There are 4 protein chains.
Amino acid sequence: MLKVWIIGVKGSVASTTIVGIKALQQGLFPTTGLLTETALFNGISLPPLTEMEFGGSDLKAGSFFDAAWATLRDGIYPAQLLKDLQPALEGVTVRPCTAVRCGRTVESIAETPQAAMSYRQIAEQTAKHILEFKGSDDCVVVNLASTEPPVTMGPQHATLEQFEKAIDENSPHISSSMLNAYCALKNGIPFVNFTPSVGADIPALEELALKTRTPHCGKDGKTGETLVKTALAPMFLYRNLRILGWYGTNILGNLDGKVLENPDNKATKIQTKDAVLTKAVGYSPVSKVAIDYFPPVGEDKIAWDFIVFEGFGGHRMRMQFTWEGCDSILAAPLVIDLIRLVQFTKHLGLPGLQKQLGLFFKSPMGSDVVNLFEQYEHLRQWVDKVKTGAVAKETARV
Amino acid sequence: MLKVWIIGVKGSVASTTIVGIKALQQGLFPTTGLLTETALFNGISLPPLTEMEFGGSDLKAGSFFDAAWATLRDGIYPAQLLKDLQPALEGVTVRPCTAVRCGRTVESIAETPQAAMSYRQIAEQTAKHILEFKGSDDCVVVNLASTEPPVTMGPQHATLEQFEKAIDENSPHISSSMLNAYCALKNGIPFVNFTPSVGADIPALEELALKTRTPHCGKDGKTGETLVKTALAPMFLYRNLRILGWYGTNILGNLDGKVLENPDNKATKIQTKDAVLTKAVGYSPVSKVAIDYFPPVGEDKIAWDFIVFEGFGGHRMRMQFTWEGCDSILAAPLVIDLIRLVQFTKHLGLPGLQKQLGLFFKSPMGSDVVNLFEQYEHLRQWVDKVKTGAVAKETARV
Amino acid sequence: MLKVWIIGVKGSVASTTIVGIKALQQGLFPTTGLLTETALFNGISLPPLTEMEFGGSDLKAGSFFDAAWATLRDGIYPAQLLKDLQPALEGVTVRPCTAVRCGRTVESIAETPQAAMSYRQIAEQTAKHILEFKGSDDCVVVNLASTEPPVTMGPQHATLEQFEKAIDENSPHISSSMLNAYCALKNGIPFVNFTPSVGADIPALEELALKTRTPHCGKDGKTGETLVKTALAPMFLYRNLRILGWYGTNILGNLDGKVLENPDNKATKIQTKDAVLTKAVGYSPVSKVAIDYFPPVGEDKIAWDFIVFEGFGGHRMRMQFTWEGCDSILAAPLVIDLIRLVQFTKHLGLPGLQKQLGLFFKSPMGSDVVNLFEQYEHLRQWVDKVKTGAVAKETARV
Amino acid sequence: MLKVWIIGVKGSVASTTIVGIKALQQGLFPTTGLLTETALFNGISLPPLTEMEFGGSDLKAGSFFDAAWATLRDGIYPAQLLKDLQPALEGVTVRPCTAVRCGRTVESIAETPQAAMSYRQIAEQTAKHILEFKGSDDCVVVNLASTEPPVTMGPQHATLEQFEKAIDENSPHISSSMLNAYCALKNGIPFVNFTPSVGADIPALEELALKTRTPHCGKDGKTGETLVKTALAPMFLYRNLRILGWYGTNILGNLDGKVLENPDNKATKIQTKDAVLTKAVGYSPVSKVAIDYFPPVGEDKIAWDFIVFEGFGGHRMRMQFTWEGCDSILAAPLVIDLIRLVQFTKHLGLPGLQKQLGLFFKSPMGSDVVNLFEQYEHLRQWVDKVKTGAVAKETARV
């Protein structure tokens, strides 16, 4: 059995993921959206979808089923599906969590008073919750909590020693996502950071991951506008068409959107979205990315992008696209793929940052490759090496 | 000196190409749009842009400069640029040509009466025009004529012998683009088919190309909607999102659009555009491609594409894009790239169909790879092999 | 009680209308979409929504509920709503009908063999069905059948006498929609033609309507692209911006779309859509309207319109819009409004064509006013006259 | 001769207007874009286009021609046109002006040091410049300066006496646009406020306008997104479709855009754009309007609007549009129309706010009517009254 612990377990992406897995387990869903169910992974023994159990922490009070019912009904899944799966969903373990430096909007969501605990106490409590849930099974921790405000990088993040000292000092340079990553990696549990928050993206935690021989990956799942951007931008490159400017606006109507209305949280998000274009084309066109909370679109995330480019003889041309996607529906299968793949790398004995999983992320840690095709190619080549046993040999050599 | 002979030399793409090369030669243009001027080709000795001369045939009477002035002024290039380049453009050789099986709209464009010549006489006259122009220089023939109506494939196209017999019999299975390809390849002159017409895309002419050790490539330059389609469709594949339908409509206002209003000519075009999606994703979504003549957009080709796709749990989502491109401006640099590359393959001693150039075409001959990224990868790997001398060795072995 | 007889009672618009009225009657729906429920009609005694019963004819066999279930479930209305209303819907009377000159696609829909009846017999049977259904109540006939192929106007349509003679001769100039209008008007039953088919739009039937003092109105409900067009085109007029071209493409996925795939039926539809622009602006820009059947959009009708216009100094600019509407949902409230209003005009004693209802139609009969604002203004002024009694006095004078 | 004094005479809209009038005077332009040249005004003696002279003030140094050349060349008008009109344009009088409370971006534009004058001195200097320019001719003052930051309304704006006292006290409640309006109205010169700045939109200045019997109008020319919005929003009303949300984003690349990047200036603009929707439909959908500076679009203003609306049965639907307009080209003819019309009202003896000109403005002063059709109707009815002499009689009665 693979136990999956989700930070933000009652959020939209988390509940879409959990309900989706349950539906897959009962044969109610096709495998659409899951890359791990395509021919690419034929012959690879990934953790089976049928052998997964879920738990996690959330700021909001109440049972998982009630949260899923309130969030998903009709907008994401038919009410009937939720009713049919209710018995299976009642089993999802939920524990309260404590938000650290998450911004005022997130804090206002917390329905239970935030206990006045030290960071060390929070870390210990978090670890205790996860280990109790894990028992003797395999376990993966996934961060699906709301985006945190930006954190200034400093010496606190440079080494494990300094990082642990900063925890003990309740340093303002520590955020919840770092604490969660720390708890997972310290206990040898693989960690997936699906959000733009820092998570394990600091040298101190890579040091920890290597020390405990635990794999991790991130960050910021690539689901909508950025997905399209990293497929389209290379097209201009392959035709030597010069992108002069790329303007993108995103409107979304769910809780994620409400949190992103807070300028601090929005800053973190826009940062990871905005850097992508330069990485994709190797120069810096004028690039603007806007995000706005717009309740009438509900669970959908609508993106409109307008691109001005220069062709032969300096001729200016334009293209625009509108993406009408359902964010949680797009994210859930990526989360599932990542759970399976990060656990698989644990099984292979691969420690630390898993760069071959960059395909799934807006800001692939440790890599400047954002071109969707190149990312796919990297993963494909890695899978080929796994099939031929080359990866195992490399691991043995480490 | 490289002599470039263009079929349809007064058309919009041809005149944009020729004027563009002249502007490049005089340092008036940046190299935007030319893949052959990017780092990819560093260290490869392609034919220099400064050493090119142009000539060609056209149904329409009058000088090249007058045609370019009428077609390009203001819509494509500033009038002043054309005036500045007039002396250089007056030197473009133009010879009349004879249309065979091109559809009524094309025939109505012919301002000079079409002489009642046999196909053999047409072929001989065409070859004579090209060889006179070529003299003792290198030469490339490029087909930029209007799209022909579909031709039914038959035994006439199977072998060189049968093909030559069909010419002698004025067979209705022979079209102008085939005759032009025949004249070029027979005389060892590389042939580029930038249009959806058949050109050299028959076994008989591949046989001829191998016999005369002449390279050729095609067909149908990938400039607008299809370019975007082959960058976007793989994105859905890499996320295992199922495309249910892809609807595309194209409106264009120039002569090309007027010719495509004729249902026969349109059929050929739509055929090459429509097959792309299935090749790109490996299954057959509902696919519709419409083309309409709409004079108010002038030289621009506006495409609107609407895509319905299915994600996790069978959830339906949508995306749409509008491409506002100038067709001739997008096509011209591809034509220039292809002229240089096909001549380079001649220089390398590579005969027959040049599959590594699929990146430039909507219907890459001899290949089902339409995924833009894969096509780029193929070309990149080929260029690498050229750089390491691997291609030369392969050729020697042939 | 108002009895409503619908031609094409099992079609998507008809079933959306009937189910919608039932939902309104049971307080399950708000009155959104109904103009007759806005302040404009305060103080006017329209037939109450609660006092309506439905019946009609259809080519397809089976019960009304089964048809509605198949067509509406999930795409248009939640399955649960249909189940809740099932008892109320079981009471809808359905009689078979006979299609005359409706095109091959429509005829192929007919599941029961079309009896070899003369036109006169068809008319008599139709009238019998309607009158049996009507009993001693008020009744309105609404045409919601699929669009017929174009009919050439001739002397057969000029006078009632000639028209009746043509019926007796089974003239090919007679179509089903005319026969239905004839049966209604002859029996003093108001007739609403919501389709682009001819219906009562011939002098012969206006003569009949005046003779029997029966009101009628039409044609072709203005629900989507044309609705937007007639709101936007006047904007250009009020700024003296010259529209150079208006290109519109419509994709739809339901049975209506399938019927319109037949070039004959499509021709009738495009004709009424296309004429609108010239009427709206008083000159003739380049205008193209395309309709394509595209099953993946289901019950939605997606329209993309691209407009090129000229401003000050001849500067060209562009605007485009995408309309993502659900056709039946947009049509149903108009049908309900028209039923109430045409019955109300009957009650007022107003015979013949009701021009004040032009607001609801793409091709308002007897009027060239298509400007949405002007149409609204006409209706508003008429309602004012009704309120002050001016209409009654005019009627008295007739 | 009509003398036109423009505040911000070197800006994009002002120079497009002046060059345009010159081109019209020399027969180089059609009258497209001018409502005052349509049949609506047949028989009305508006000031002739041929009898206009231009002058104005600007923060930027240098001649009018140089500014127009730098701003308009190629993007807005062909270089050749500017050269041809150079002799006529050299005659445009330019005087420096002093910015008061215009925000930092605007102040940074000022190339000459801003003299340390009191508000009273500024007003006197402004009046002197205008009166010198006016001489014994008719004159109109038009505000085309950059948008000012919001001003809090207070007692300073309530009466003329308090306003003049505030000037003398250099009150921070006084802005440049108010000072300019004050100078014009005090001297009996009609004033047009084409910007969102306050201008004459305070009781104190209406008092002054009535006292000197001077007409004025404003504010904020309705040229792009809002123009479309006030044509489309009523459409939903006439179908009783409920708008749930209207999201609009505007990107623009010229100086106007740069000034609007300053949050203060943007606030004023968004305020006038945002209020429109509620006024148009009578309730308050979720409404967001974003404006971003995006240099690659140059003089164009691209707007993308996304509308979510509810139809019958609560069904949600969507529409979106993209407007690709050239702001100055759209604004210039409105400015010309307003110059002619405000002078015409002066000629008719109509003092104070001219509400019948609301059609031209985003925030029509003294009116909540923003529905484009109703505004047109008001103007049409007023013109009819002028034609029949009814307006003259009303004036006589005042």
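## The interface of chains A and B

In this predicted model, 54 residues of chain B are in contact with 54 residues of chain A. The size of an interface is often given as the accessible area lost when the parts come together. For chain B and chain A the area buried between them is about 4,700 Å², and carbon and sulfur atoms account for 70% of it. Within the area that chain B buries against chain A, a share of 21% comes from B:Tyr238, B:Arg239 and B:Phe312, which is more than any other three residues supply.

How many salt bridges does the rule find across the interface of chain B and chain A? The count is zero.

## The α9 helix pair

Two packed helices are described by the angle between their axes and the distance between the axes. Helix α9 of chain A and helix α9 of chain B, each spanning residues 225-238, have axes that come within 9 Å and cross at roughly 140°. Angles over 145 degrees would count as roughly antiparallel, and α9(A) and α9(B) are therefore oblique to each other. The crossing of these two helices, α9(A) and α9(B), is right-handed.

On the side of α9(A), the contact is made by A:Leu227, A:Val228, A:Ala231, A:Leu232 and A:Met235, while α9(B) contributes B:Leu227, B:Val228, B:Ala231, B:Leu232 and B:Met235. Sorted by class, the residues in the contact of α9(A) with α9(B) comprise ten nonpolar ones, with no polar and no charged residues.

Most residues other than glycine have a negative phi, and most peptide bonds are trans. Against that background, the peptide bond from B:Gly218 to B:Lys219 is cis, its omega being near 0°, and B:Lys219 itself lies in the loop between β6 (215-218) and α9 of chain B. In chain D, a cis peptide bond joins D:Gly218 and D:Lys219, with omega about 0°, and D:Lys219 is placed in the loop between β6 (215-218) and α9 (225-238) of chain D.

Where in chain A does A:Asn240 lie? This residue is in the loop between α9 and β7 (242-252) of chain A, and A:Asn240 has a phi near 55°, a positive value in a residue that is not glycine. D:Asn240, likewise not a glycine, has a positive phi of about 50°, and D:Asn240 is found in the loop between α9 and β7 (242-252) of chain D.

Conventions:
Residues are numbered from 1 along each chain as its sequence is written. Chains are lettered from A and ligands numbered from 1 in the order in which they are written. This is a predicted model: local features need pLDDT of at least 70, side-chain atom pairs count only at pLDDT 80 or more; totals for chains, interfaces and linings use all residues. Side-chain values use heavy atoms; hydrogens and water are left out. Axes are lines fitted to C-alpha atoms, for helices over the stretch in contact, and angles run from 0 to 180 degrees between N-to-C directions. Helices (H or I, at least four residues) and strands (E, at least two) are DSSP runs, numbered from the N terminus. Angles under 35 degrees count as roughly parallel, over 145 as roughly antiparallel, 65 to 115 as roughly perpendicular and the rest as oblique. A crossing is left-handed if the near helix is turned anticlockwise from the far one by less than a right angle, and right-handed if clockwise. Contact means heavy atoms within 4.5 Å. Ala, Val, Leu, Ile, Met, Phe, Trp, Tyr, Cys and Pro count as nonpolar, Asp, Glu, Lys and Arg as charged, and the others, Gly among them, as polar. Buried area is the accessible area (1.4 Å probe) that two parts lose on being put together, summed over both. A salt bridge is a side-chain nitrogen of Lys or Arg within 4 Å of a carboxyl oxygen of Asp or Glu.
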